Amino acid sequence: MANKMHMGVNYIPSQGWLYSWTDWSAQSIRADLTAIASLGVDHVRVHCIWPIFQPNRHRVSPTALAHLRELVTIAGDLGLNVS
């Protein structure tokens, strides 16, 4: 049995770049991930900006986590894994 080679890309959103976590556009994310999936890759690596996700040691942003959850859901719908 041959092992399947996994191919992935680092994902930086085309709109808003790394600021997209705070200026969220699910439509833009879906368009980006659809284009990425069409390349035949099987996963994307996303970059969670620490100060956005955990602005201080006592708080984790529920909004940033919701955006991450939505991105993972969109990616999954398109057959992409996320790391």
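Student: How many aromatic pairs does the count come to?

Tutor: Two, in this predicted model.

Student: Why is the pair of Trp21 and Trp24 called stacked?

Tutor: Take the distance, then the angle. The ring centres are 5.9 Å apart, and rings pair if their centres lie within 6.5 Å. The planes stand at 15°, and the stacked class takes planes under 30 degrees apart. So Trp21 and Trp24 are a stacked pair.

Student: What makes the pair of Trp21 and Phe53 edge-to-face?

Tutor: Its centre-to-centre distance is 5.0 Å, with 80° between the planes. Edge-to-face requires over 60. The label therefore follows from the cut-off.

Student: Where in the chain do Trp21 and Phe53 lie?

Tutor: Trp21 is in the loop between strand 1 (8–10) and helix 1 (26–37). Phe53 belongs to helix 2 (residues 50–53). They are 32 residues apart, so the pair links distant parts of the chain. Together with Trp24, Trp21 and Phe53 form one aromatic cluster.

Student: Is Trp21 buried or exposed, and how do you know?

Tutor: Buried. Its relative accessibility is 5%, and buried means under 20%. Phe53 is buried as well.

Student: Why does His67 count as buried?

Tutor: By the cut-off of under 20%. His67 has 13% relative accessibility, so the term applies. His67 is found in helix 3 (residues 62–77).

Student: Which residues is His67 in contact with, leaving aside neighbours within four places in sequence?

Tutor: Trp21 and Trp24. These two Trp residues also make the stacked pair.

Conventions
Residues numbered from 1 in each chain as written. Predicted model: local features only at pLDDT ≥ 70, side-chain atom pairs only at ≥ 80, totals over all residues. Heavy atoms only, no water. Helix = DSSP H or I, 4+ residues; strand = E, 2+ residues; numbered from the N terminus. Buried < 20%, exposed > 50% of the residue type's maximum accessible area, 1.4 Å probe, protein only. Contact = heavy atoms within 4.5 Å. Phe/Tyr/Trp six-rings, centres within 6.5 Å; stacked < 30°, edge-to-face > 60°.
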